[in-house]
Amino acid sequence: MEDNMEDNDMKQVIDFFSGEKVKIVWKEEPQQKPKVGHGKIVQYDGTFVYLIGEKGKLALNCKDVTAVKQSE
């Protein structure tokens, strides 16, 4: 988990942004280009972050998340 957030860091970030509109960046495979999701964080269970956006629902493995930023 070199570039990814540690578990405790992720929990703090998710708690901080819970219920807010955010932009989340993640990579499923190291060779892939980063993907970006926009939406509202609705749940976090320690393994997955659940996001609801304009394109629907998204469940992201926390180990794949590289950044979380508040969006407008």
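Reader: Is Asp15 buried, partly exposed or exposed?

Author: Buried means a relative accessible area under 20%, exposed means over 50%, and partly exposed lies in between (1.4 Å probe, protein chains only). Asp15 has 46%, so Asp15 is partly exposed. This is a predicted model, in which local features need pLDDT of at least 70 and side-chain atom pairs count only at pLDDT 80 or more, while totals for chains, interfaces and linings use all residues. Residues are numbered from 1 along each chain as its sequence is written, and side-chain values use heavy atoms, with hydrogens and water left out.

Reader: Which residue forms a salt bridge with Asp15?

Author: A salt bridge is a side-chain nitrogen of Lys or Arg within 4 Å of a carboxyl oxygen of Asp or Glu. For Asp15 the partner is Lys11, with the closest N and O atoms 3.0 Å apart. Lys11 is partly exposed because its relative accessibility is 42%.

Reader: How many salt bridges does a search of the whole structure find?

Author: Two. Lys35 is partly exposed at 33% relative accessibility, and Glu28 is partly exposed at 42%.

Reader: In what sense do β1 and β2 pair?

Author: Two strands pair if DSSP finds at least two bridges between them. β1 and β2 are antiparallel, over six bridges. Lys21 stands opposite Lys40 in β2, and Lys23 stands opposite His38.

Reader: Which strand pairs with β1 over five bridges?

Author: That is strand β5 (residues 65-70), again in the antiparallel sense. There, Val22 has Gln70 as its bridge partner.

Reader: Over how many bridges do β2 and β3 pair?

Author: Four, in the antiparallel sense. Gln43 has Tyr50 in β3 as its bridge partner. The hairpin of β2 and β3 has three residues between the strands, and Gly46 in this hairpin takes a positive phi near 95°.

Reader: What volume does the largest pocket have?

Author: On a 1 Å grid over the protein atoms alone, a pocket is an open set of points with protein on both sides within 12 Å along at least five of seven lines; lining residues have an atom within 4 Å of a point. Grid points are joined across faces, edges and corners, and a volume is the space filled by probe spheres set on the points. For the largest pocket that comes to about 310 Å³. Its lining has 16 residues, and those closest to the centre are His38, Gly39, Gly53, Glu54 and Lys55. The elements giving two or more residues to this lining are β1 (21-26), β2 (35-44), β3 (48-53) and β4. β2 gives the most, four residues.

Reader: Which strand holds Lys57, and is Lys57 buried or exposed?

Author: Lys57 is in strand β4 (residues 56-61). Lys57 is exposed because its relative accessible area is 75%. Contact means heavy atoms within 4.5 Å. Neighbours within four places in sequence aside, Lys57 is in contact with Leu51 and Ile52.

Notes: 1 Å grid on protein atoms, 1.4 Å probe; cavity = no way out; pocket = protein on both sides within 12 Å on 5 of 7 lines; lining within 4 Å.
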